[in-house]
Amino acid sequence: LQGPLPPEWGLGLKAVFQIEMDGNHFNGTVPKTWAAFLDKRRGPPRSGAAAGGARIFIGFNRRAKGDPNAGKYGFECPYPNFLTETTYVVREGKKVRAADANIATSWGLPYKCGLSKKDLTPDEETPWGQDSE
């Protein structure tokens, strides 16, 4: 899959439980409307979805050939505010507060917004490092 993430999904997909689109070739930003996926009526915080709501995985997003940032990982800046909100990690039934854990890390996105050759997508227990280019 490639192109921008559809903003209308945040408003239109009311009963979505999980979106797993790791390893694609999206460009642009994460739509602000996707904050709707955090609605706790869609699911409580749980392993792989520390933010609660729908399980969203959009990491390992590598830019496709022809993109000015081809071969690099990530989405364009800025992240919407909701992605930078603090969250908790739930692993094996235990609540563990990971340092610098935010909704972006819960979704499989780098902790800091930006693209670099060193961008890797950690799980939510290993926030992205501070050493990007």
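Which backbone oxygen lies 3.0 Å from a polar atom of the side chain of R42? The backbone oxygen of L13 does.

## Basis

This is a predicted model: local features need pLDDT of at least 70, side-chain atom pairs count only at pLDDT 80 or more, and totals for chains, interfaces and linings use all residues. Residues are numbered from 1 along each chain as its sequence is written, and side-chain values use heavy atoms, without hydrogens and water.

## R42

R42 sits in the loop between β3 and β4. Strands here are DSSP runs (E, at least two residues) numbered from the N terminus. R42 is buried, where buried means under 20% relative accessible area with a 1.4 Å probe, protein chains only. R42 has no salt bridge (a side-chain nitrogen of Lys or Arg within 4 Å of a carboxyl oxygen of Asp or Glu). D39 is the nearest side chain of opposite charge, 4.8 Å away.

Leaving out residues up to four places away in sequence, R42 touches G10, L13, K14, V16, F17, A36, F37, G53 and A54. Contact means heavy atoms within 4.5 Å.

## Aromatic pairs

The structure holds 5 aromatic pairs. Rings of Phe, Tyr and Trp (its six-membered ring) pair if their centres lie within 6.5 Å; planes under 30 degrees apart count as stacked, over 60 as edge-to-face and the rest as tilted.

The F26 and F75 rings have centres 6.5 Å apart and planes at 20°, so this pair is stacked. F26 belongs to strand β3 (residues 25-26) and F75 to the loop between β4 (55-57) and β5 (89-91), so the pair ties together parts that are 49 residues apart in sequence. Both F26 and F75 are buried. For W34 and F37, the ring centres are 5.2 Å apart and the planes stand at 85°, so that pair is edge-to-face.

## Cluster and core

W9, W34, F37, F82 and W107 form one aromatic cluster. W34 is buried, at 0% relative accessible area. F37 is also buried, at 0%.

The largest nonpolar core has 21 residues. Such a core is a set of buried Ala, Val, Leu, Ile, Met, Phe, Trp, Tyr and Cys residues joined through side-chain atoms within 4.5 Å. V30, W34, I58, L83, W107 and L109 touch the most other members. Beyond four places in sequence, the contacts of W107 include V30, W34, F37, I58 and L83.

## N81

N81 is in the loop between β4 and β5. N81 is exposed, at 65% relative accessibility (exposed means over 50%). The C-alpha atoms of N81 and K32 are 8.0 Å apart, while the residues are 49 apart along the chain.

Technical notes:
Helix = DSSP H or I, 4+ residues; strand = E, 2+ residues; numbered from the N terminus. Lys, Arg positive; Asp, Glu negative; His and termini not counted. Polar contact = N/O pair within 3.5 Å; in protein donor to acceptor, adjacent residues only side chain to side chain.
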